[in-house]
Amino acid sequence: MPRRTALVVTFGLLLAGVATVPASAATGTVPAAAREVLPVDDGWANGTTGGSAATDDHVSVVRTRDELATALAVAGTAPRIILVAGTLRPDGDCASYADPGYSLDAFLAAYQGVTTKPAGPLEDARVRSAKTQAADVQLKVPSNTTIFGLANARLVGLNLLVAGSDNVIIRNLRLEDAADCFPAWDPTDGSAGNWNSAYDLITLTGSTHVWADHNTFSDGNNVDADQPLYYGRPYQVHDGALDVIRASDLVTISYNVFQEHDKTMLIGSTNTVGADVGKLRVTIHHNRFANTGQRVPRVRFGQVDVYDNYYYATDEDTYQYSWGVGVYSAIYAENNFFLRSADIPLDAAVYNWGGPGMTEKGTLTRVGTGPITEVNLLAEYNATHDPDLATDAGWTPTLRPGPLTPAARVPAVVTAQSGAGRLVLK
């Protein structure tokens, strides 16, 4: 069976000798971790089961982008488990997506100095190019699904789009470089304009009961800091690592690694009062954020529990802030640890995006190998900024599975346990 035509390989076919499989699958059993459900009281996504109850005929091993797309597109709502083996990439590349009427050089020449959003044939060609790319790189994840990475599984250049779905688990994947080939230029975005890209590594939009656990998110070898400047602004080709938007709700993000990425985690995409009210409830715990620039997270509306995370911020050239307090947001931050460069001031960790305030407790910080000290980053912000942010988020989290990890132990625990490749594949 040729590799490109064997789109979805079930365990039954694997046992029949149709394809070779990892040792963990050769017995016909699914790794136990792929059938795990979110433990009781483990954050807002409590009760999420994903595809844990999948029968054998709804278990697939996928090795290519097309196999993954086919497994995701199987009709019905029966639980499914999709095991990812090896490195999966889009079928095309930037050159193949480009519309005949588009070139970046022509675009830059056409809209140089224009102070309104681009319009006309070149912008239309850019939009057509972007639609072609989206059809290849965006993969929609349906309800009652577990996507689980086998040893060294990677998705490179792909966007998992959890849109309008319920009960989804994504675990043990390395997700890298969902780069937009055709960023949009908006001269009205900020005082100097900005390039805006379209794809996250994982996007939750209008979805509920989602557990993202033990994954590693990065830009790979294509970091935004290395992109050129066009119109005097960074040509940013990446959007979020994991964004939670458009009334998504009941989400737990645990034991992941986010590294070398700028716009890391946006929770809520609009300041408009509407469908997001009472939604966007997210728990973020035991994650490692290593040299992430901003949005860790940036929050609108939601009650967001941020505890026992390890923030590693040593690149003062790319660091902007960690906790973004947006409109109607309610961040409760407890027992987090910040390792930072001396060039990153304490008052930089919090940013006011028009929010009312937040609760912060038990934060520890350290500069390099210096002493560990207790700090309140919100108080540091308030000491140097006006108006002050309130110091009470107005709620207290209850959905925690047990005693918190003491903040002093967070770096060791998170480093040892977080990210892809930490789960036992038996």
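Me: Which residue in strand 23 is the bridge partner of Val257?

Reply: In this predicted model, the bridge partner of Val257 in strand 23 is Arg288.

Me: What makes strand 20 and strand 23 a pair?

Reply: Two strands count as paired if there are at least two bridges between them. Strand 20 (residues 257-259) and strand 23 (residues 288-290) are joined by 3 bridges, so they meet that condition. The two strands run parallel.

Me: To which sheet do they belong, and what is the order of its strands?

Reply: They lie in an open sheet of 10 strands with mixed pairing, in the order 4-7-10-15-20-23-26-29-32-33.

Me: Why are strand 4 and strand 33 said to stand at the edges?

Reply: Strand 4 (87-88) and strand 33 (373-374) each have a single partner strand, so one side of each has no neighbour in the sheet.

Me: Which strands does helix 7 touch?

Reply: Helix 7 (residues 410-417) packs on the sheet and touches strand 23, strand 26 (310-313) and strand 29 (337-340). The direction of helix 7 makes about 90 degrees with that of strand 26.

Me: How do you know that Cys94 and Cys181 form a disulfide?

Reply: The cut-off for the two sulfur atoms is 2.5 Å. Those of Cys94 and Cys181 are 2.0 Å apart, so the pair qualifies as a disulfide. The structure holds 1 disulfide.

Me: Which parts of the chain does the pair link?

Reply: It links distant parts, 87 residues apart: Cys94 is in helix 3 (residues 94-97), and Cys181 is in the loop between strand 10 (174-176) and strand 11 (184-186).

Me: Why is Cys181 called buried, and Cys94 partly exposed?

Reply: Buried means under 20% relative accessible area, and exposed means over 50%. Cys181, at 15%, is therefore buried. Cys94, at 41%, falls in between and is therefore partly exposed.

Me: Which residues of helix 4 are buried, and why are they placed on the same side?

Reply: The buried residues of helix 4 (residues 104-111) are Phe107, Leu108 and Tyr111. They cover an arc of only 95 degrees around the axis, and therefore lie on the same side of helix 4. Asp105 and Ala109, on the other side, are exposed.

Me: What covers the buried residues of helix 4?

Reply: The cover includes helix 5 (121-137), strand 11, strand 12 (194-196) and strand 16 (229-230).

Key
Residues are numbered from 1 along each chain as its sequence is written. This is a predicted model: local features need pLDDT of at least 70, side-chain atom pairs count only at pLDDT 80 or more; totals for chains, interfaces and linings use all residues. Side-chain values use heavy atoms; hydrogens and water are left out. Helices (H or I, at least four residues) and strands (E, at least two) are DSSP runs, numbered from the N terminus. Buried means under 20% relative accessible area, exposed over 50%, partly exposed in between (1.4 Å probe, protein chains only). Contact means heavy atoms within 4.5 Å. Axes are lines fitted to C-alpha atoms, for helices over the stretch in contact, and angles run from 0 to 180 degrees between N-to-C directions. The arc is that of the directions from the helix axis to the C-beta atoms.
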